[in-house]
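Me: Got a model to go through. Can you walk me over it once it's up?

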Amino acid sequence: MRYIAQSLVGLIITLLVVSFVIFLIMEAVPGDPAEIILGMSAAPDTLEALRNQLGLNQPFLVRYADWLIGLLRGDLGDSYTYSTSVAQLIGERLTVTLPLTCLAALLSVLISVPLGVLAAARPNGVVDMFASLFSQIGIAVPNFWIGLLLILGLALTFDWFPVGGFPGWEAGFWPALHALALPSVALAIPQAAVLTRVTRAAVIEITNEDFVRTARAKGATPSHALWRHIVPNAMIPIVTMLGMQISVLIAGAVLVENVFALPGMGTLAYQALAQRDLIVIQNVVLFFAAIVMSINFLVDALYTVLDPRLRVRR
Amino acid sequence: MTSHFRSILTVATTALSLLVVGSAVAAPRTDLVLGMSIEPSGLDPTAAAPVAIGQVVWQNLFEGLVTIDKDGNIEPELAENWDISTDGLTYTFDLRDNVTFQNGKPFNAQTAKYTLDRILAEDSVNPQKSLYKSIESVKALDTDTLVLTLSKPSADLLYWLGFPAAVMIEPSSETTNATDPVGTGPFKFSEWKKGNQVTLVENTNYWGKAPKLEQVVFRFIGDPQAQAAALISGGIDAIPEFTAPELVSQFEKNNAFETVIGTTGMEVIAGMNNARKPFNDVRVRQALMMATDRQAIIDATNAGLGTPIGSHFSPSDAGYEDLTTALPYDPAKAKQLLAEAGYPNGFTFTMKVPNRTYAERASEIMQAYFSMIGVTMKIETSEFPAKWVQDVFKDTNYDMTIIGHAEPLDIGIYARDPYYFNYDNPDFNKAMVDVSNATTEQERVSGYQHAQKILAQDVPALFLYARPKIGIWKQGLNGMWRNGPVPSNDVTDVFWNE
C-alpha cells in the first residue's frame, strides 16, 4: 500500500516536470499561432489584436500557471483553431484511439504469445522458421505501409473493408468495429513481431532453468511443464515489453490514423502541430505522457501479481 | 361502349401509375459527399484565413453583398444593385428585401453595416482587413440602403466585397459562428464531426432559388491515396481539388468518373530576397528565369497539369496575359546575362523549401537547371507553415523560396512594404495606384496588364505556373465549378442526373 502511495506521488511529480518541459518546448517551437490563423496577408495590427484575444501576449510563467490552474479545475482551455474546449476534443477523439490501440494490443498478444511459445517449443522447426520470418518482416516494415497494403488488398481489390474514415459509434457497434479492423491490424503487426521474439526468447530461457528440470524430473509432461511452469514465468518479460510498447503503439496510431483518415488523437495531434494549436498539443502530449506513465505503473504493480517473489523483496 | 371506355380508362391509369412508380425509382439523388484535403479550422471565414473555411461555407452557408461567380465575374447577391459615384468615393447599395438569416433574424442595412464595421474595427481579427481599409465610413440610410464612403478610390473594392472574408453575419451569432455558423445562404449548418466531416442541409427559408441538393457532407481526407481510394470505393462522390496529379490518368480511363482540369488563382512562384546580393541585380534574376524550363517543372510536379505563367497573374484572373515569352527558357542567354552581371562562374545560394510535395519536387528540378548555367543551389527544407512563415515571410532570412500564392488578383503584394520579396520599384507602385484609381472596368484591366508586364521583365520572383484545379467526380453529377477564381466549393447549383 505504501509502495503504491509512493509511486503515485512520484507519478504526479513526474507529470508536473513533464508539463513544464512540454510548455518550454512549445515556447521554443518557431511559429506564431496568430499568424497561422490569420494567414499571410494579415496586417500587423490584426495579428496583435488576435494575440491579445488568445492571451498569447501574457508572460511565459503567467500562461504556464494559467494552464496548470485550469488543469486542476479540469479546464484544459479552448483550441485556437477549432474554438472548442480541448477536453471535449480529446474526449471525442479518445472514442476512436482508445478502442484502436486496445484492439491492436489485444491482437498483438493473441498473435505473438501462441506463435512465440510454439516457436520456442521446437527451435528451428517449421513454426519457428515462420515466426522468425514474421518477426523480421514485422519489425522492418513500418505500420503505415502495412496500412497502405491492407487498403490496396483487402479494401480496394476485394472491397471487404472500408478504405478509411470512421462512421462513429452512433452508427452501431459493428460498422465502427469494421472501420477499425484494418487499422488495428496494421498497428498490431509490428508490435506482434517484437513480442513474438521476446516470447520465444523468454520461453527458451526459462526452459533451461533448474526448476523446469526439476519439474520434468518429477514426471511433468512436456506440455504440462510448458503451460504450467514455463509460460507463466515467461510472462514477466512479455508484460514488460507490452508496457514499454504502449508508447510505440501510441506513436504508431498517429501515422495509422492519418493513413486511414480516422478522427483519433493521432490525427488531432498531427493537425494541431501543423497549425500550431499550442494549447491542443500541450494537452495531448501531457495526456499521452500520463497514459504511458500510468501503464508503466500498472506493469510494475502487475509484476507482484505475476511473481510472488517480488512481493517479499519489497 | 361504357365497358370499352372503362377498360381504356383502366389501361390508362395503370400506365400512368407505372409511369409514376417508374419515375419515383429514377428520382435523382439529393445528397452529395464531397472530399476535401484539409479540414477547416472553425467555420467563420471572417475570423481566420485558411481557405478551407471558405471552401465549406462560402456561398453555401454565408453570402455577401456581392458574389464572385464561377467565371470570376462580380454578381449581385444580397445587394440587388449598386451605384458608384463618378469620383469612385461613394458606393450606394440597394439591398434585397425579405432576406432572413438561418436563425430567423432579418438581414437589412443595419446588419450589413454591423458586418462591415466589425471588419474595420480596431480590435478586428479579420484576416483580410487590409483589403477594406479604403472604406472610411459605413452608413445605413434606411433598412435597405447602405452607403460606403471611401477615403481613396479602390477599383477592386467590389471584388473584395464578394470574398469569404466579407460575408454578411448576424450580430448575435458573432461569437459562435466558428462552431455554429449562421448565414443567409441556401444551406444551413447541421453537424460537425471534428476530424471527419461537416454536414450542411437545405435552408428551407432561403430567399432565392432553392438548391437541388438537400444535404451536403464535406469529408476531410488528407492523404491523396486515401482520397483516391474513397472515390473508387464510393465513400465520396466528388473531389473538387484532387491533390495527387500523378493519379489523375487512372480516373481519366475510368468511365464511372468525370475528370475536369481547370485553373485556380494560385500562382506558384520562386520568390527571391531582392534586397540580398546577387538577387538585387535584375540581370541575375532574369538569368535564373531564363535558365528555368517552366513546362519541365509542371511535368515533374503536376503530371503536366498546370499553366506556365510569365508574371504574377493566373489565367483565372481578369485581364490575364500570357507573358511566358518575355523571358523564355534560354540557358545560353542566361549565361550571358550572368556574365554581364559579374558572375561568369556562377554563384552559390540556398533555397528554403516548404515541406510540400510540389515545392520539394520543383526545387530539385530547378537545382538541376541552375547547375547548367553554373549556379549552385542548396536546398534547405523548411516546415510549412510555422517555420517557413517565421524564417522567410516574417524575418526575410532567405535567398530564394518557392510557394503558391492562392489569392486572386494578388499582384499588389509586390507593392507592399514590407513584404517578403523586399522588392521596391516605384514604377510598379505607381501602376498599382493607377489600378486603384481606375473608374472604369477597362481602365482597371489595362492597369493590371501594365503591372503584369513590369513584373514579367523585372522578375522579383521566378514565375513558374498557375496551379491546376483537378476536379474528379462521379458521372451524373452536374454544376461543379471547373475553375477556381475564388477558393470555393460552391454547391448551390449542383444536381444529379435523373
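Reply: Below we take the ground rules, then chain A, the interface and chain B.

Me: Ground rules, please.

Reply: This is a predicted model, where local features need pLDDT of at least 70, side-chain atom pairs count only at pLDDT 80 or more, and totals for chains, interfaces and linings use all residues. Residues are numbered from 1 along each chain as its sequence is written, chains are lettered from A and ligands numbered from 1 in the order in which they are written, and side-chain values use heavy atoms, with hydrogens and water left out.

Me: How many helices and strands does chain A have?

Reply: Chain A has 13 helices and zero strands. Both are DSSP runs numbered from the N terminus: helices are H or I with at least four residues, strands are E with at least two. The C-alpha trace of chain A spans about 85 × 55 × 35 Å along its principal axes.

Me: At what angle do helix 6 and helix 8 of chain A pack?

Reply: About 135°, with the axes 8 Å apart. Helix 6 covers residues 126–140 and helix 8 covers residues 173–207. Axes are lines fitted to C-alpha atoms, for helices over the stretch in contact, and angles run from 0 to 180 degrees between N-to-C directions. That makes helix 6 of chain A oblique to helix 8 of chain A. The classes: under 35 degrees is roughly parallel, over 145 roughly antiparallel, 65 to 115 roughly perpendicular, the rest oblique.

Me: Left-handed or right-handed crossing?

Reply: Helix 6 and helix 8 of chain A cross left-handed. Left-handed means the near helix is turned anticlockwise from the far one by less than a right angle; right-handed means clockwise. The contact (heavy atoms within 4.5 Å) includes A:Phe134 and A:Ile139 of helix 6, and A:Ile189 and A:Val194 of helix 8. By class, it has eight nonpolar, four polar and three charged residues. Here Ala, Val, Leu, Ile, Met, Phe, Trp, Tyr, Cys and Pro count as nonpolar, Asp, Glu, Lys and Arg as charged, and the others, Gly among them, as polar.

Me: And how do helix 9 and helix 10 of chain A cross?

Reply: Roughly at 155°, with the axes of helix 9 (residues 210–217) and helix 10 (residues 222–259) coming within 10 Å. That makes helix 9 of chain A roughly antiparallel to helix 10 of chain A. The crossing is right-handed. Among the contact residues are A:Phe211 of helix 9 and A:His229 of helix 10.

Me: Switching topic. What area is buried between chain B and chain A?

Reply: About 3,200 Å², with carbon and sulfur atoms giving 57%. Buried area is the accessible area (1.4 Å probe) that two parts lose on being put together, summed over both. B:Val125, B:Lys194 and B:Ala386 supply 17% of the area that chain B buries against chain A, more than any other three residues. In contact terms, 46 residues of chain B meet 41 residues of chain A.

Me: Now sheets. What is the order of the three-strand one in chain B?

Reply: 15-14-16, an open sheet with parallel pairing. Two strands pair if DSSP finds at least two bridges between them. Strand 15 (376–382) and strand 16 (400–401) of chain B each have a single partner strand, so one side of each is left without a neighbour in the sheet. Seven bridges join strand 14 (residues 348–354) to strand 15 of chain B. B:Val353 has B:Thr381 as its bridge partner.

Me: And the four-strand sheet, parallel or antiparallel?

Reply: Antiparallel, in the order 4-5-7-6 in chain B. Strand 4 (79–84) and strand 6 (135–142) are its edge strands.
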